[in-house]
Amino acid sequence: MKNIASDIKNKSFKPIYLLYGDEQYLKTACLRQLRQAIVGEDAMNLSEYTDKVDVKELISVAGTLPFFADRRLIVLNRVSLFKNNNDEINELMDNIPSYLTVVIVEDNVDKRKTLYKIINKKGYICEISRLSDGDLTKWAVKKLSDTGFKIRGSTVSHLLSRTGNDMNNIDNELEKIISYCEGREEITTDDIDDIVIFQPQERVFEMIEAICAGRKEKALKLYYDSIALKEAPLKILTLLERNYIGILQTKSGNGKLPDSELAKLIGSKGVMRFVVEKYKRFASMYSTERLKQLIREFALIEGDIKTGKISDRNGTELMIISAMKGI
């Protein structure tokens, strides 16, 4: 992203920019900066396509000279250019007119495709992944500082434990916090508890906390609260299963791997530091054999739900109760 910032500063733009990865907030911000720098408010020289694009129309637009301006911008937002090998698209990208910049935004790309190789040769490729815990903390602190608030690092950690690491969600919650705390200097954990809504994953953490403490009523209340908030029971079951797999992986690797490696083991893209800490605590409550047995039970219950032997609501409730056994 530093290269893009340099291009914007110097007003020297590549023919093609490919922005891809799983951090939607940063991709959107990067696209917005490029759009503003290249065409500003000039809608005449901007063409944007989302989800799909007609190749012949795209070629026609690309061949149109800018209208009373130096550059024309085409934005291709998740149009799945990398699913198939399109010779016309490849030809266009390999021979982009000097007045044109194309910005492609995708979640995933296939680096084996000819298109990727063309972009790598002709333009600039930027993979935008989720930020680390430390970078998320710095970003949140700066956003609050810029609006006149102070916040402790431990309070930010408490915030992230509720929001997860999706920057769009964190940004929305920060805006709510800023409005809620207007007129005060420091944001506290009590403010976080008052205003920040638990995401489904974070509510499942609370559920597992209650399960490990043997607090059946609290665990079931959290479950019923989730249903009242229109969360599907099968989704909750899947989240529980995914977390118990993570707990087993943590138990297997704890003491053998540093936390950074455990985070990579648990999730293909890594998980946040506080997740590893929670998993370690949960793992200490179970034997390895009991965790393996629970994961087998999850699979059986899921099968019973999908074949209609039990309702999804009752099946998930049974798994919550079963997870308390053997602690």
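## Sheet and ring pairs

Me: At about what angle does helix 5 run to strand 1?

Reply: This is a predicted model. Helix 5 covers residues 114-122 and lies across strand 1, strand 4 (100-106) and strand 5. To strand 1, helix 5 runs at about 120 degrees.

Me: In what order do the five strands of the open sheet come?

Reply: The sheet is open and its pairing is parallel. From one strand to the next, the twist averages 10 degrees. The strand order is 2-3-4-1-5.

Me: Over how many bridges do strand 1 and strand 4 pair?

Reply: L18 of strand 1 stands opposite I104 in strand 4. The two strands run in the parallel sense. Their pairing spans five bridges.

Me: How many residues of strand 1 are buried?

Reply: I16, L18 and Y20 point one way, Y17 and L19 the other way, and all are buried. Strand 1 is thus mostly covered. The count is five of its five residues.

Me: Is the pair of Y25 and W139 stacked or edge-to-face?

Reply: By the ring rule the model has six aromatic pairs. The ring centres of Y25 and W139 are 5.3 Å apart. Planes over 60 degrees apart count as edge-to-face. Theirs stand at 65 degrees, so the pair is edge-to-face.

Me: How many residues apart in sequence are the parts that Y25 and W139 tie together?

Reply: Both Y25 and W139 are buried. Y25 lies in helix 2 (residues 24-38) and W139 in helix 6 (residues 133-146). The pair therefore ties together parts separated in sequence by 114 residues.

Me: Which helices hold F205 and Y279?

Reply: F205 and Y279 form an edge-to-face pair, 6.2 Å centre to centre with 70 degrees between the planes. Both residues are buried. Their pair ties together parts 74 residues apart in sequence, because F205 lies in helix 10 (residues 200-212) and Y279 in helix 14 (residues 273-283). The helices are helix 10 and helix 14.

Me: Which residues do ring pairs link into a cluster?

Reply: Rings pair if their centres lie within 6.5 Å. Such pairs join three residues into a cluster: Y244, Y286 and F298.

Definitions and conventions:
Residues are numbered from 1 along each chain as its sequence is written. This is a predicted model: local features need pLDDT of at least 70, side-chain atom pairs count only at pLDDT 80 or more; totals for chains, interfaces and linings use all residues. Side-chain values use heavy atoms; hydrogens and water are left out. Two strands pair if DSSP finds at least two bridges between them. Helices (H or I, at least four residues) and strands (E, at least two) are DSSP runs, numbered from the N terminus. Axes are lines fitted to C-alpha atoms, for helices over the stretch in contact, and angles run from 0 to 180 degrees between N-to-C directions. Contact means heavy atoms within 4.5 Å. Buried means under 20% relative accessible area, exposed over 50%, partly exposed in between (1.4 Å probe, protein chains only). Rings of Phe, Tyr and Trp (its six-membered ring) pair if their centres lie within 6.5 Å; planes under 30 degrees apart count as stacked, over 60 as edge-to-face and the rest as tilted.
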